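Here is a walk through a protein model for someone meeting it for the first time. Have a look at the sequence and the fold, then read on.

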Amino acid sequence: MHMLNLGILAHVDAGKTSLTERLLHSAGVIDEIGSVDDGNTRTDTLALERQRGITIKSAVVSFPLDGVTVNLIDTPGHPDFIAEVERVLGVLDGVVLVISAVEGVQAQTRVLMRTLQRLRIPTLLFVNKIDRSGARHEAVLREISARLTPAIVPMGTATGLGTRAARFTPGPGTDGALDVLTGHDDALLSAYVENTVTDAALRGALVTQTREALVHPVYFGSAATGAGVAALLTGIETLLPAADGDADGPVCATVFKVDRGPAGEKVAYARMFSGTLRIRDRVPFGADGAEGRITGISVFDHGTDTRADSVAAGRIARLTGLGDIRIGDAIGEPRKAYEHFFAPPTLETVVVPGPDAHRGALHLALTRLAEQDPLIGLRHDERRQETSVSLYGEVQKEVIQATLADEYGLDVTFRETTPLCVERPVGTGQAVEFIKKDPNPFLATVGLRVDPAPVGSGVAFRLEVELGAMPYAFFKAVEDTVRETLDQGLHGWQVTDCVVTMTHSGYWPRQSHAHQGFDKSMSSTGADFRGVTPLVLIEALRRAGTRVHEPMHRFRVEAPADTLGALLPFLAGLAAVPETTGNRDDLCVLEGTVPAARVHALEQRLPGLTRGEGELESFFAHYAPVTHGAIPERPRTDHNPLNRKEYVLNVTRRMSG
């Protein structure tokens, strides 16, 4: 039987989890359909998910079709949990993107569709809620064509909209399908011109182009009543590509989720792309190639996960035994580097423990939460005994707070959310420290030059000294320390888009006296290079200069035209810059940029400024130089190489201690 790893994606409240329940019921996996409102759905298993009625963590459930076993992955719809969606995309064979027939194409729908198109993931569109008041058919198709993609093939028609009797009648309009399909198929175009197109040829072109993500079939229906779901299931079975992979090839798998078992052990959810894993197999995993032994395997089948002795290519499994496994790790042979499809978090807040919360327990709990979310970073300040967490938005902060209370018994609050800025060099600067020349207390010579690099290029490290001039371990110590030091620039923010070149190197070889051991006072070690590098690099950065850039979001606001007079001054007060305006019927469309720190304020005030009719779409666009107010500073958590005396005192004390 073929396997299909299918993702269900949507804007929040489009009915994605309800559709998952309906699919499971239609496939005979569950006897009764769960309700999001009642908190008894199969995939929303967390107590917090049931309380809030939203999906927070991705979940896997399996069901059979006639010739296909489907591993269905339900993902969050709220943009604050986009990291959960990101890690799933790399393991999917196909996607059903759910759209509400009432609200139509929404902000998150567009973000998701852009990514699916970029990754060329075969995608079916399901327009849900045709039984709801206000449901639309032709208008939603026009929205999809205008705001998502014109390469759509309607797979039938919806009737009785807005009533419980709403129905979907399968049967794509031949003319409409031909217009789209002939654009990618010269043979079909020739047959069309010669009036020799057959239903079989049309169907074959639809299957081929859907599997190549060139076109997107559109179904209408209702997860609540089941209308259109049978047609969608047929489309899933026949139009989406089955999972491929050689079960006899080398082991190759990707981890997309990490949970904790009842005893606190790590449980890795992995998609097998090649080979077969068996219990007691020893396999390499992660970037450093560490080895672990598989102690348990569960596979998904008929709505549940069952213990198995092995798992082969194409399947998804829960694996235990890999203690240091992380999301994004490859198991066996690396398939490709873990990719980020969405922007990283652009906000940060300090977690404040309540009066009865133990700081050590809080740090452990936050570390475990971060293990399950690779885009959520922790930053611990030993000096101030504070931990900061990076975020996508305010809802995520509320969920972290509730999770800490419910699962760990920890009461916390948060300080005000602030933007996560970056620093970029504005010029070239270089510095050098020589062995045993005042004031260098380290047995290492290091010279570094910092040059600006193109936006988006990250950090590159290069050598202008011969690699054989000293042991490779010393070069590696310098490079690793350079990258670590750049996490905190002159203003405390991560430094990016630069090239760091090593211009000088020198060391004292290993010294020992007759009949005695190694003489540290006369021999260079890796610690010397790790100690002097931050001093050299920060001095080079001082001479180059850095500029702080804040995250900017691209926004699109649709609002009644007569509310523009109230909206524009408010946007100006947020330092937003409207760049284009347009009109559609009696609506005004504003597009531009706004500082990430002000997006939440815009979300809160928009309904009041637009009589509740305004719609906002926003997503990370770029970093821009801070031009208003004081330059934001971030407290340092390192040994502060900006203060040479303090730094040398702290580092030499650590080395000698």
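Let's start with a term: two residues are in contact when they have heavy atoms within 4.5 Å of each other. Keep in mind, too, that this is a predicted model. With that in hand, take the contacts in the protein chain with a separation of 6 or more: 72% of them are between residues 24 or more positions apart.

**The chain as a whole**

The protein chain has 657 residues, and 53% of them are buried. The accessible surface is about 29,000 Å², with carbon and sulfur atoms providing 49% of that.

**Two sheets to look for**

Strands of a sheet pair through backbone hydrogen bonds, and they can do so in parallel or antiparallel fashion. Two open sheets in this model are set out below.

| Seven strands, mixed pairing | S2-S3-S1-S4-S5-S9-S6 | S2 (59–64) and S6 (152–154) | 25° |

Inside the seven-stranded sheet, strand S5 (residues 123–128) and strand S9 (residues 216–220) run parallel and are joined by three bridges.

Pro452 has Cys498 in S30 as its bridge partner.

A pair of aromatic rings is described by how far apart the centres are and by the angle of the planes. The structure holds six aromatic pairs. One of them is formed by Phe474 and Phe529, which are stacked, at 4.6 Å centre to centre with 25° between the planes. This pair ties together distant parts of the chain, since Phe474 belongs to helix H12 and Phe529 to helix H13, 55 residues apart. Both Phe474 and Phe529 are buried. Elsewhere in the list of rings, Phe256, Tyr269 and Phe300 make up one aromatic cluster.

**The nonpolar cores**

Which residues have the most contacts inside the largest nonpolar core? They are Val96, Ile144 and Ile236, in a core of 78 residues. Helix H9 (residues 229–239) gives this core its largest share, six residues. Ile236 touches Leu4, Leu6, Leu65, Val70, Val96 and Leu124, leaving aside residues up to four places away in sequence. Another core, of 31 residues, lies apart from this one, and among its members are Val482, Val500, Met502 and Val532.

**Two residues up close**

Trp493 is in the loop between H12 and strand S29 (494–495). Buried or exposed? The cut-off for buried is under 20% relative accessible area, and Trp493 has 4% relative accessibility, so Trp493 counts as buried. Leaving out residues up to four places away in sequence, Trp493 touches several stretches of the chain, including Pro419, Leu420, Cys421, Val422 and Glu423, then Leu486, Asp487 and Gln488, and also Val548, Pro632, Glu633 and Arg634. Glu423 is 70 residues from Trp493 in sequence, yet their C-alpha atoms are 5.9 Å apart in space.

The other residue is Ser388, which lies in strand S22 (residues 386–391). Why does Ser388 count as buried? Buried means under 20% relative accessible area, and Ser388 is buried because its relative accessible area is 10%. Beyond residues up to four places away in sequence, Ser388 touches Glu348, Thr349 and Val350, along with Gly377, Leu378 and Arg379.

Notes. Residues numbered from 1 in each chain as written. Predicted model: local features only at pLDDT ≥ 70, side-chain atom pairs only at ≥ 80, totals over all residues. Heavy atoms only, no water. Buried < 20%, exposed > 50% of the residue type's maximum accessible area, 1.4 Å probe, protein only. Areas by Shrake-Rupley, 256 points an atom, 1.4 Å probe, with all protein chains shown as cover. Pairing = 2+ DSSP bridges. Helix = DSSP H or I, 4+ residues; strand = E, 2+ residues; numbered from the N terminus. Axes fitted to C-alpha atoms, helices over the stretch in contact; angles between N-to-C directions. Core = buried A, V, L, I, M, F, W, Y, C linked by side-chain atoms within 4.5 Å. Phe/Tyr/Trp six-rings, centres within 6.5 Å; stacked < 30°, edge-to-face > 60°.
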